[in-house]
Amino acid sequence: MFDIDDTLVDLHAAMKDAMIAASRPLLPDFGAADWDGFAALYMADVHRYYDRYVAGEFTFGEQRGLRARAVFAHFGTPGFDARAEQDWIEDFERAQPHHIRAYPDVVPALDALDAAGIPYGAVSNNVHDYQRAKLDHAGLQRISILVGIDTVNAAKPEPKVFLEGCRLLGTGPAETLYVGDNYLVDGEGSAAAGLQAVWLDRKGAGAPSGSAAGCGAAEGIRTVAGLGELGALTGPRRL
């Protein structure tokens, strides 16, 4: 089982490109470094608006607008009122699908899984239909098994989300690898649910300080830098 955002799909790059498309009319003098800073602030989401959306506090559109509002406020951008915010959300949503791409190592990994007869699917902390469209835009239609937060009305790291993925795969938790880029939600969450946890550390950043690994107490969570390394972890049916 795979996470989707920043595991299979380069969401950061897609969001940055969509932000530029939606924001350029308000920030016409921004250069490349400015856009890097804009995207970094938005993705950092210091007010945890996305997590609060997952918890049911906001709608998906509301969390997106609130995050944008915080970034525009940081840059002191005038005129970002309620109407401008709604326009920004709509412009962003129109632009993002055109920039959704799978990481280069995804298709080869799925090809190898297919060749080895190993079933796979995805578990995501977003709603099913939105993530289904994202996978399709990325050319990953072959991933037919997908669990979203609306599938079992729960979100990672709750065990039942991972276990629903296993049920749909037809595999037991102990024989299922779960691969994701978030150490706490994907790594520790899937391990707690009884799956074989694999943390995807594409940037080589190391585990966060608040994690079990950061405290020197991580057990059972393996780390890979890319999906090409999964072959060593798949048991008798090697990739």
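I count two strands as paired if DSSP finds at least two bridges between them. Helices (H or I, at least four residues) and strands (E, at least two) are DSSP runs, numbered from the N terminus.

**Ground rules.** I am working on a predicted model, where local features need pLDDT of at least 70, side-chain atom pairs count only at pLDDT 80 or more, and totals for chains, interfaces and linings use all residues. Residues are numbered from 1 along each chain as its sequence is written, and side-chain values use heavy atoms, with hydrogens and water left out.

**Sheet.** I looked up the sheet and found 3 strands in the order β3-β4-β5, open and with parallel pairing. β3 and β5 (221-224) are the edge strands with a single partner each, so one side of each has no neighbour in the sheet. From one strand to the next, the twist averages 25 degrees (axes are lines fitted to C-alpha atoms, and angles run from 0 to 180 degrees between N-to-C directions). I then checked β3 against β4: the two run parallel and are joined by 4 bridges. Tyrosine 178 stands opposite alanine 197 of β4.

**Cores.** Next came the nonpolar cores, meaning sets of buried Ala, Val, Leu, Ile, Met, Phe, Trp, Tyr and Cys residues joined through side-chain atoms within 4.5 Å. Buried is under 20% relative accessible area, exposed over 50%, and partly exposed in between (1.4 Å probe, protein chains only). The largest core has 27 residues, and those touching the most other members include Phe2, Leu110 and Ile143. Two or more residues each come from α6 (106-116), β3 (177-180) and β4 (196-200); α6 gives the most, with 4. I followed isoleucine 143: beyond its neighbours within four places in sequence, its contacts (heavy atoms within 4.5 Å) are Leu8, Leu110, Tyr120, Gly121, Ala122, Arg132 and Leu135. A second, separate core holds 21 residues, among them Met15 and Phe92.

**Helix α8.** Which residues of α8 (residues 159-169) are buried? I noted Val161, Phe162, Glu164, Gly165, Cys166 and Leu169. Their cover includes β1 (122-123), β2 (146-147), β3 and α9. Just after α8, glycine 170 has a positive phi of about 80 degrees.

**Pocket.** Last, I looked for open space. On a 1 Å grid over the protein atoms alone, a pocket is an open set of points with protein on both sides within 12 Å along at least five of seven lines, and lining residues have an atom within 4 Å of a point. The largest pocket has about 1,300 Å³ of space. Its lining has 42 residues, with Asp5, Asp6, Met43, Asp181 and Asn182 nearest the centre. Elements giving two or more lining residues include α1 (11-23), α9 (183-192) and β4.

Technical notes: On a 1 Å grid over the protein atoms alone, a cavity is a set of points where a 1.4 Å probe fits but cannot get out, and a pocket is an open set with protein on both sides within 12 Å along at least five of seven lines; lining residues have an atom within 4 Å of a point. Grid points are joined across faces, edges and corners, and a volume is the space filled by probe spheres set on the points.
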